[in-house]
Amino acid sequence: MSPGPRPPVQARLDQLRGRALPVNHNARTISALAANPGCARRALMDAAGVDKQQVAGHAGFPAPFGQSQFAIARGNAFEAQVKEGGAAQLLTLLREHLGLDVGQAHYHDLNDVGGSESAQVRHHRTRNLLTSASADPSTGTMFDHPLLRLAVGGRHAYLEPDLIALHHRGRFHVVEIKSFAIIDGQADPAKVAAAAIQSAVYVHALRELLGGDPDRVHHETVLVAPRDFSSQPAAATVDVRKQLTVLHRQLERIASVESLLDLYPAGLTFDLDPDPGGRPRRPPGELAAAIGQVSASYAPECLSACELCFLCRDEAAGTTGALGKSVREDLGGVERTGQVLGLARGTLPPSPEREEIAAQLTRGARLRAELLGTGLPGTEFLETGV
Amino acid sequence: MAETIEALERRIDQLRTAVREAALAGDRALASAHRAGLRRAEQAWEDALTAAVAPARETTARETTARETTAPETPRGPAEPTGSLLPLREKVYEALSLLQVAAAPKLIATVHEAFFGATFPTSRVTSLKRDEERSFRAAPFARPYYICAALSADYLAPSRGLLAVSTWPLERRVIGSLSPRVDFLTAAIRVAEAIERIPEPPHAARRLLLRFAASIPGASLPGDSAHPAAVSAAAAAELAVHRDADDRVRAEAAARLRLLPPPEQLFGTMSFREIARDTAGRAGE
C-alpha cells in the first residue's frame, strides 16, 4: 500500500472537493484515468475524489452516464453462461489458451464468503486463497470474482475481476469476460482497448497483492467474448504491458499530485456550496469558471469514460482535438480547425514551425478541389471553425 | 378414493359460494366453518390428483426415497403432460434424482424439460429452498425428503445457488474446490446414461448432452454431434484424475458437518448466515 499524499496536499485536495464526501475509485474510473493521461482536469478531480457527475450536472452539462440496463443484463447472462457447471465453458477455453493440466480444474467462488458479502471479508479471503495458491498451484485454478484492493490517492478502491486463473507453473492470468462479439477474430477496437486497460488495472492490483513481483502475474490477459453471432464463447489473449506503463505513470501522478496542485491558485475549489438539504447553491457560472481554470484534454473517447465529457466537448468546440486524437496528431501543432482551414487556403501566413504542415494542407486542399471540381474550402467552414 | 375429482371440484365451487355468502352476511363463525370445509375439500382434491397421477409413474416420490436413491429414476417419455401438474419441489426432486449431484436451478430446469417434459421458471426455485427450510424447522423430518442446500466445504455455509436432496450422503452435499468439476462430469455421465435408456431421446435431451460434450475433452464427435457412450467414457476418464483429491476434501468436510445439528446439516451453518444478515442489515441502514 502506497502512502497517501502528505497532509498539506491532502488539505488542498479536501478544499478542492469542498464539503462533498469523497467518491471512491473503481476499475472503471481507474481505467478511465489511464485512458486519457494528458487530462489535468480529470487527474486533479480524481485525486481529490470530486463527484464529477454532480459537478458536471450543476455546471449545466449533466451526462447521462453509466452502462445501459440492457448491456448489463446481457453481460451478466453471458458471464453466467460461461461460468455454469464449475465454469465448464471457461475451463475448456483456458485449457486451450493457457495449456492447463487436466488436473487443474479447481474452482473457488469468491462472490461471498460463507454467505457474507462484506468487501473486507471477501478481500481477506481472496488474499489468503491467492497467496496460498501462488505457493502451491495444485490448490487453485479458477478464482471467481476475487476482490482486490488498490490504494489510489490515499484511499482504497475495491476491484473485482471476473476471474483469475492460475497456471500450474505458478503464474496468474487475469480473465475478463465481455459481451461484445468477436466476429471473424475481430472485435471493436475501442471496446478491446477499454477491456485491456481494465484488465491492466486488475493485473496491477494483483501484483500489489502478491508483493509486487511482476513475474507472478502474466502481462497477457485473457479476453472472453461471444464468438461471431452465437452465444458460444471465444478467447483471445491481450498483452497489457503498454496499458500497465500508462497506469503506473498515472498512479504515480496522483501520488505526486503536489506538483499539479502548484499550477493552480490556492483558493480554487469545486465546492457546490450545498444548503442543509444538500441542494447546491453555488452559481453555475462561477463553478464553470473554476472548472475552466484547470485545463482538460478532450477527445471523443471521453464520451464513454468521463462524467465531464459534455462540458469539455462544449469547451473544445473548434479545436482539432475535438475531432479525435488521430486528427490532432496529424495536425500536430495547429490547435484550432479555423487555423487549419486558413493554412489550407493560404489566407493564414504560416509561422516558420508550421511551414511543413501548411505545405501539406495546401496540397491536400488542392487535391480535394481538383477531385470535386470545386474551389478551395469556402468561408462557410471558416466561420464555424473559428 | 372417496369422491371423484369432478365431484370434489363441484363441492369446492359450492363451498366457495357458501364462504362468500356467509362473509357478506357478516356471520364470521359460519364463514370460518365453511372455509375449513373448503380447505379440506381442496386437500382431498390434491390427494385425489396425486393418486390419479401415481399409476402413470413408475414409483411415487415416497417409494423412491425409500430406495435411497441408489439408482437414478428412469426418465419417462417427454410428452407426458402429467409432469406439469407436479408441485415444483417434486419436479426439482425428479431432476436432482436423475443427476445425483448438487445442481444450479438452471441445470435442474433444463434437465426436467429434457427428460420429464415440463419446465419451470428458475426464479421460483429460490423461494423453494426457503420454504423447505421453514417447513423443516417447523416439523423436522416430517417429509420424506427436503430440497436443501449444497454446502461449501470450507465454511459449511450454503454454496451459492446449488441445490441438493436431504437424503443424499453428506459427502455428496459438500462442495470442495474440485467438486464443481467432478459434479459437472458426473452429471454428464448421468445425462448420457438417461439418454441411452430412452429409445428415442427428445431433442432437448440431445441438446443438453451436446452442451456437456462441448466442455469435456474428447467427448464431442466431428460435426458437433455427441454420442452418449463417448461422452460417458470421456467424462469418466477426466473424473478418474480428480476423484481421489475431491473425495478426500469432501470426506473431511462431511465429518465436520456430521457434528452440526440437523437443520444446519441441511441448510448451512447459522453463525455465518447471521453475520451475513447482520452485515446486509447494516449496509441497508
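**Entry 1. The hairpin of chain A**

How many residues lie between β3(A) and β4(A) in the hairpin, and which residue in the turn has a positive phi? I looked this up in what is a predicted model. Two residues separate the strands of the hairpin, and A:G153 in the turn has a positive phi of about 55°. I then examined the pairing: β3(A) and β4(A) are antiparallel and share five bridges. One of the pairs I noted is A:A151 with its bridge partner A:H156 in β4(A). I also recorded the two faces of β3(A). A:L148, A:L150 and A:V152 make up the covered face, whereas A:R149 and A:A151 are on the uncovered one.

**Entry 2. Helix α2 of chain A**

I next asked how far α2(A), residues 27–35, is enclosed. Seven of its nine residues are buried, so the helix is largely enclosed by the rest of the structure. The buried residues are A:A27, A:I30, A:S31, A:A32, A:L33, A:A34 and A:A35.

**Entry 3. Domains of chain A**

I consulted the domain assignment of chain A, which gives domain 1 as 7–65 + 249–297, domain 2 as 69–244 and domain 3 as 323–385. The C-alpha centres of domain 1 and domain 2 of chain A are 31 Å apart. Between these domains, 14 residues of domain 1 of chain A are in contact with 12 residues of domain 2 of chain A. On the domain 1 side, the elements that give two or more residues are α2 and α9 of chain A.

**Entry 4. The open sheet of chain A**

I traced an open sheet of six strands in chain A, in the order β1-β2-β5-β6-β7-β8, with mixed pairing. Its edge strands are β1 and β8 (233–239) of chain A, each of which pairs on one side only. From one strand to the next the twist averages 25°. Within the sheet I checked β2 (residues 142–144) and β5 (residues 163–166) of chain A, which run antiparallel and are joined by three bridges. A:M142 is opposite A:A165 in β5(A). I also found that α6(A) lies across β1, β2, β5, β6 (172–177), β7 (220–226) and β8 of chain A, at about 50° to β8(A).

Which element gives the most to the side of chain A that touches chain B? I first noted that 23 residues of chain A are in contact with 23 residues of chain B. The elements giving two or more residues to the chain A side are α6 (84–98) and β1 (107–109) of chain A. α6(A) gives the most, with seven residues. By class, I recorded six nonpolar, 13 polar and four charged residues on this side.

**Entry 5. One residue of chain B**

Is B:V182 buried or exposed? I located B:V182 in helix α8 (residues 179–197) of chain B. B:V182 has 23 other C-beta atoms within 10 Å; the threshold for a buried residue is 20 or more, and B:V182 is therefore buried. Leaving aside neighbours within four places in sequence, I found B:V182 in contact with B:L239, B:H242, B:R243 and B:D246. I also noted B:A235, which is 53 residues from B:V182 in sequence and 9.2 Å from B:V182 in space, C-alpha to C-alpha.

Conventions: Residues are numbered from 1 along each chain as its sequence is written. Chains are lettered from A and ligands numbered from 1 in the order in which they are written. This is a predicted model: local features need pLDDT of at least 70, side-chain atom pairs count only at pLDDT 80 or more; totals for chains, interfaces and linings use all residues. Two residues are in contact if their C-beta atoms, placed from the backbone, lie within 7 Å. Helices (H or I, at least four residues) and strands (E, at least two) are DSSP runs, numbered from the N terminus. Ala, Val, Leu, Ile, Met, Phe, Trp, Tyr, Cys and Pro count as nonpolar, Asp, Glu, Lys and Arg as charged, and the others, Gly among them, as polar. A residue is buried if 20 or more other C-beta atoms lie within 10 Å of its own, exposed if 12 or fewer, and partly exposed in between; C-beta atoms are placed from the backbone. Domain bounds come from an automatic or database domain assignment. Two strands pair if DSSP finds at least two bridges between them. Axes are lines fitted to C-alpha atoms, for helices over the stretch in contact, and angles run from 0 to 180 degrees between N-to-C directions.
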